[in-house]
Amino acid sequence: MNFSMSRYTSIVIAMIGCLGLQGGVVPADDASNDSALSTRFVRGGGELQLEGPADRAKSNAVLKGFGRTWGNPITSENGHYLLTLPSPRIAVPFEVVLTDEPDSPIARIVVYPSVPMKWNEKYPLLVDRKAPRWLREWLRATQLPAEEVDLSVAPSELRADAYGAGLLLVGREASGPKLAELAKRQSLWNMNVIAFDAEWLQPLSLPLANTEQRSTSTVSPSTTTQFRADHGLESLGKWAPLSRLPRPASVSQWPGLANRRSWFSQNDASWVEEIAASDEAVVLTSNVDWSQHLGSEAADVLFHELLRSCAEKRLSGLPSSRYQVVIWPTERKNVSPVLRIALDADAETKRLPAVNVLDVRGSERSKTSLPLKRILEGEESWIVLGDDDAFSAATRTAFRERIAKPDSAPFIWLENDRLPDNVAAEIQLMQTLTEFGVSLPMKEPNAVTANAPVALSHPELLFPPSRR
């Protein structure tokens, strides 16, 4: 399902959570980088200044990669090491280690070739001076034509093409405390925006792995890793190097209610997700720690394609409704907040065809028989949530067979029985309803603390007493 194009510009938001540094003759780490093992992105053929551990100021350091040492040991000068970088033909990761502790690297360095990455300069690429340092360094190392800007200047001074395309990359400060606030600021910038390390992205448990759904998305040659590349990243196709991307250690997502869809996912982890913030604005969130992946061929190409796709087209807001939602069982009392928002949508949707949602999660059971015959006939659109004990082995097999039928009405089975108080499950349901063209007006989450459970904006629906 594609969001309809409109006259409005879009927002693209991304979260990426680590740090790097700059190119050319690269200075030492600044004090703001508190990563135990910093990653630096640089162009080959130059020099790099690296600050060593304060308690090992007299130790020599060496550059190691591909199982060998590159160059001679480097003597510390006032706690700093000046490294001479090789000139590789492809991006190459290295480690800097102390000669007396060769198994404990003090930094990771990715050295890029002198050939710049391609970019259509018709579309401006701007980066906030306060954006994460790893991002500014990666742009310099890959020689993408990114112009650093001061966002304290008048918004009209930012360059955009006649259609509001182009891309602005901002950091945590400019993204603000709430997604809605960034959406308001973006309307002044008149171009697509990606926000990195936004504070309104929250660490969540990974989405559900046990999911059945019909899809024409990409599946990699790997027998254990499945990929979906959609909505601007389709050009990656069945590109084999994607199968070598390691699964991210963690995922952070915006925990509110809205239309959303995944651009790129790996098994149950959505790397890139699009969120409709309003009728005017779309948000794109990149939910993984890219700084620990960039430097590999697959991650570099994927990240480059993400930036290029965001710069060359505008994304619009809420999708045009194509379906209304009908809940089964009809007497169900505890309705998830996502389905409640769908039910409360504009009354005009009542004239639209229905997507039927059979929700059998939790202990609440229907007093009437389940409409399994209607589901299996294939003439109506259905979403099945959960795996009821009443489903026989034959029914489960028939569900999977219907998924594979291209000529039947749309059918998706989110098989896992996780309850609606699981935020990852609700995000998955939002993505599914978006594919059907069901409008879900944006609702901000409640305030959360670092150690508190993430609560959506309708806690009385998300955490009903019977399910706590």
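Two strands are said to pair if DSSP finds at least two bridges between them, and strands (E, at least two residues) and helices (H or I, at least four residues) are DSSP runs numbered from the N terminus. The model is predicted, so that local features need pLDDT of at least 70 and side-chain atom pairs count only at pLDDT 80 or more, while totals for chains, interfaces and linings use all residues. Residues are numbered from 1 along each chain as its sequence is written, and side-chain values use heavy atoms, with hydrogens and water left out.

In the parallel sense, E10 and E11 pair over four bridges, and leucine 169 has isoleucine 194 in E11 as its bridge partner. These strands belong to an open sheet of four strands, ordered E9-E8-E10-E11, in which the pairing is parallel. Strand E9 (146-149) and strand E11 (192-195) are the edges and each has a single partner strand, so one side of each is left without a neighbour in the sheet.

H1 lies across E8, E9 and E10 and runs at about 145 degrees to E8, whereas H4 lies across E10 and E11, at about 125 degrees to E10.

Two packed helices are described by the angle between their axes and the distance between the axes. The axes of H1 and helix H4 (residues 297-312) come within 13 Å and cross at roughly 95 degrees; H1 and H4 are therefore roughly perpendicular to each other, a term that covers angles of 65 to 115 degrees. On the H1 side the contact is made by Trp134, Leu135, Trp138 and Leu139, and on the H4 side by Asp300, Phe303, His304 and Leu307.

Neighbours within four places in sequence aside, leucine 307 is in contact with Trp119, Trp138, Leu139, Leu144, Leu167, Leu169 and Ile194.

Key. Axes fitted to C-alpha atoms, helices over the stretch in contact; angles between N-to-C directions. Parallel < 35°, antiparallel > 145°, perpendicular 65-115°, else oblique. Contact = heavy atoms within 4.5 Å.
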